[in-house]
Amino acid sequence: MDILKTEHFTTPAVGDSVQPSLVWSSPKDSEDNKQSPVANSSDQEKTKDVHLEIPDGADSFIPKENSSDSFPTKEREELPPSSVSSKTTLHFDQPNRKLSPAFHQALLSFCRMSADSRLGSEVSRIADSEKSVMLMLGRCLPHIVPNVLLAKRERMVLHLCQELIPLILCTACLHPEPKERDQLLHILFNLIKRPDDEQRQMILTGCVAFARHVGPTRVEAELLPQCWEQINHKYPERRLLVAESCGALAPYLPKEIRSSLVLSMLQQMLMEDKADLVREAVIKSLGIIMGYIDDPDKYQQGFELLLSALGDPSERVVSATHQVFLPAYAAWTTELGNLQSHLIPTLLNKIEKLLREGEHGLDEHKLHMYLSALQSLIPSLFALVLQNAPFSSKAKLHGEVPHIEVTRFPRPMSPLQDVSVIIGSREQLAVLLQLYDYQLEHEGTTGWESLLWVVNQLLPQLIEIVGKINVTSTACVHEFSRFFWRLCRTFGKIFTNTKVKPQFQEILRLSEENIDSSAGNGVLTKATVPIYATGVLTCYIQEEDRKLLVGFLEDVMTLLSLSHAPLDSLKASFVELGANPAYHELLLTVLWYGVVHTSALVRCTAARMFELLVKGVNETLVAQRVVPALITLSSDPEISVRIATIPAFGTIMETVIQRELLERVKMQLASFLEDPQYQDQHSLHTEVIRTFGRVGPNAEPRFRDEFVIPHLHKLALVNNLQIVDSKRLDIATHLFEAYSALSCCFISEDLMVNHFLPGLRCLRTDMEHLSPEHEVILSSMIKECEQKVENKTVQEPPGSMSIAASLVSEDTKTKFLNKMGQLTTSGAMLANVFQRKK
């Protein structure tokens with residue numbers, strides 16, 4: 001104590017807390033408070049007289065009205081008198097930034113600190129006088145000494161190490177010798193071999209308290225070298241500590257060090273570290289650093305780091321990028337004026353390039369990467385539009401604050417993507433939103449450059465991109481649908497109705513005048529249809545919104561049907577909407593419109609669309625709405641409409657368990673197969689066989705045994721008598737696919753002998769004449785099945801009626817698949833081959 005007192009080693013001022021927004025003293029500290037004479041009035045007066053300059057990262061988020069050169073009154077009162085000295089005033093580098101206090105606070109909340117415990121509170125306080133050192137020793141030693149006596153017990157060693165942290169920090173802070181201080185800090189970083197989450201938080205809390213106490217010069221000279229030393233440590237926990245330290249110390253470093261050495265350290269760890277947890281911590285620290293960098297020359301480096309982070313193989317890292325790094329980088333980009341001039345256009349250009357290069361195979365992972373980044377930027381874009389609006393100078397808080405609906409904005413991924421946090425407060429946002437809606441409705445967009453860019457550049461480019469994506473790519477359609485939904489919800493209903501919908505409608509031009517009987521309306525076959533339907537028309541759910549969606553889908557179904565165009569865009573809309581039960585009634589309304597339409601082409605389309613809807617709809621709706629509609633269509637005057645119902649009936653047999661429903665469907669399918677009027681209907685028979693092959697392996701076993709396999713046998717017998725070779729080969733090929741799909745189901749011996757094998761033999765007869773390569777495979781299948789039956793008959797006692805579930809040996813399966821690869825069979829059949837019944 002005497003040595004420390006006589007040395008002219010100045011100790012800078014410090015506040016009690018690491019982050020003033022958090023109350024570091026714990027209720028559990030009551031005993032400590034009894035030991036410290038904190039009520040001394042003279043000490044309190046000293047505290048009031050001290051003027052601190054806290055770094056922007058620590059206190060900038062305290063509202064200006066409540067802050068002065070000193071701590072706010074409440075926080076001053078909570079500071080122990082020993083923790084503030086009037087000897088020196090610290091100067092921290094204030095970055096030239098305009099982040100809202102709320103955004104800054106949310107950003108720093110990702111620093112992992114520990115102050116809600118006795119020890120955490122102790123670590124966050126660093127003694128700076130003889131009296132306060134003595135008090136600290138008095139508080140800590142009673143916890144250390146008993147553990148020293150028990151130190152041989154391994155479980156107590158870690159606890160002892162944690163208790164030493166405040167003493168090490170205090171000594172490192174006050175010791176006059178640089179070498180000794182360096183050694184003490186080295187001990188701190190190496191105190192625990194593999195520090196767990198709680199222990200790392202404790203060390204980080206201590207490091208930040210140290211930094212606040214000693215100032216940026218000593219942080220750079222003494223703390224950063226300890227981090228650098230451990231950047232390649234063999235234990236990931238130690239590298240994790242380094243990654244977290246870089247973010248936690250950001251407010252207390254010289255600004256040129258933040259944007260050079262610390263940024264380089266984090267970049268190296270992001271590129272080289274193999275541990276997902278470490279890279280995740282790196283990303284969070286990069287986000288915090290992005291809240292402090294004000295060197296425009298580092299913008300491009302930040303963008304390259306962003307792309308690396310978005311493309312990281314770990315989902316944890318990508319998630320942290322969207323939660324912390326991307327919004328923090330976007331805030332800086334906005335301040336630099338680059339959000340609309342560089343960041344968003346660059347991501348859009350990368351998507352366009354992907355689509356150009358991906359005509360023969362799109363990289364969906366990269367598309368997701370860029371599009372999800374754009375989606376995460378929507379709140380930042382909307383905040384920019386509000387802050388640069390003609391009315392922004394009039395947005396003053398006075399009187400009653402307008403109400404913001406709870407559902408006004410999509411749920412943000414993190415606080416940093418909350419528009420109110422970006423703006424500064426929910427009250428300020430409410431005022432801006434009221435003015436925004438009024439301006440759009442009554443005064444227009446003249447002179448509103450940031451919004452005009454969205455309307456005249458962003459939206460047209462997005463709609464053009466949408467027209468280029470493959471409508472059959474469910475993932476792409478879903479991604480773009482979610483993007484437009486978030487964009488429309490964020491920018492609001494008036495914007496959606498007056499700016500977004502008209503641009504889509506202008507391109508789609510839904511009217512019967514546009515029907516071209518040869519090719520159809522080209523854009524209606526593109527992904528523009530499902531993305532407009534599911535991304536824009538579902539944003540709002542009032543009655544008029546639902547009517548608009550129903551009307552749009554009905555028009556698309558009509559136009560595609562009448563122009564004989566592919567139905568992929570309509571199917572994509574049904575798949576996307578059908579994933580949400582809230583839209584099942586609506587989709588059934590659309591299909592009923594098709595069921596009663598005057599054109600057989602539209603009725604035919606409706607019948608085919610039921611197949612897509614059946615799997616997601618509950619059985620009550622299937623019974624009440626789907627089956628009656630299909631029964632109606634199955635007696636349609638046009639045979640093409642009746643045939644179109646078969647896949648939907650098959651899907652019901654595959655998914656429904658209600659006995660009555662199954663019987664109704666079975667009766668209808670039986671009428672198709674047994675009614676003499678369908679005897680020569682080649683198209684009907686191929687549709688039935690294709691459906692049996694698709695649903696048979698997963699259908700109810702009784703239906704498969706009593707209906708599917710016997711009818712396949714009959715169809716194979718009839719096909720032997722077909723005199724037109726092209727029709728005979730067509731049926732035979734579909735039968736081959738169906739039998740291949742069913743060959744690995746459990747089939748009873750009786751069924752095998754009476755129907756399955758006879759059907760295969762009939763099929764072999766066809767293939768002998770029409771397709772010798774298929775005949776070879778069929779012969780192998782028949783031989784294997786015959787052997788299994790013979791072996792079972794010998795091995796099993798009389799009366800046994802079942803054979804092994806696997807009818808084809810592994811060798812035969814291998815040969816079969818090898819040969820199948822050389823044939824031109826459909827992908828649907830190949831997907832079902834050797835699929836076992838669950």
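The model is predicted, so local features need pLDDT of at least 70 and side-chain atom pairs count only at pLDDT 80 or more, while totals for chains, interfaces and linings use all residues. Residues are numbered from 1 along each chain as its sequence is written, and side-chain values use heavy atoms, with hydrogens and water left out.

**The chain**

You will find 40 helices and zero strands here; these are DSSP runs numbered from the N terminus, with at least four residues (H or I) for a helix and at least two (E) for a strand. Of the 838 residues, 55% count as buried, where buried means under 20% relative accessible area, exposed over 50% and partly exposed in between, with a 1.4 Å probe and protein chains only. Among contacts (heavy atoms within 4.5 Å) with a separation of 6 or more, 77% join residues 24 or more positions apart.

**Helix H11**

H11 covers residues 197-214 and reaches 26 Å from its first C-alpha to its last, close to the 26 Å expected at 1.5 Å a residue; the expected span is 1.5 Å times one less than the number of residues. Of the 18 residues in H11, 16 are buried. Asp-196 caps the N-terminal end, and Gly-215, with a positive phi near 90°, follows the helix.

**H24 and H26**

H24 contributes Lys-493, Lys-501 and Leu-508, and H26 contributes Glu-544, Asp-545, Leu-548 and Phe-552.

**Tyr-540**

Tyr-540 sits in the loop between H25 (528-536) and H26. Is Tyr-540 buried or exposed? Its relative accessibility is 13%, so Tyr-540 counts as buried. Leaving aside residues up to four places away in sequence, Tyr-540 touches Cys-488, Arg-489, Gly-492, Lys-493, Thr-496 and Asp-545. Lys-493 and Asp-545 also belong to the H24 and H26 contact.

Two polar contacts (N or O atoms within 3.5 Å, one able to donate a hydrogen and the other to accept it; sequence neighbours count only if both atoms are side-chain atoms) are listed here.

| Side chain | Backbone nitrogen | Distance |
|---|---|---|
| Tyr-540 | Lys-493 | 3.1 Å |
| Asp-196 | Glu-198 | 3.2 Å |
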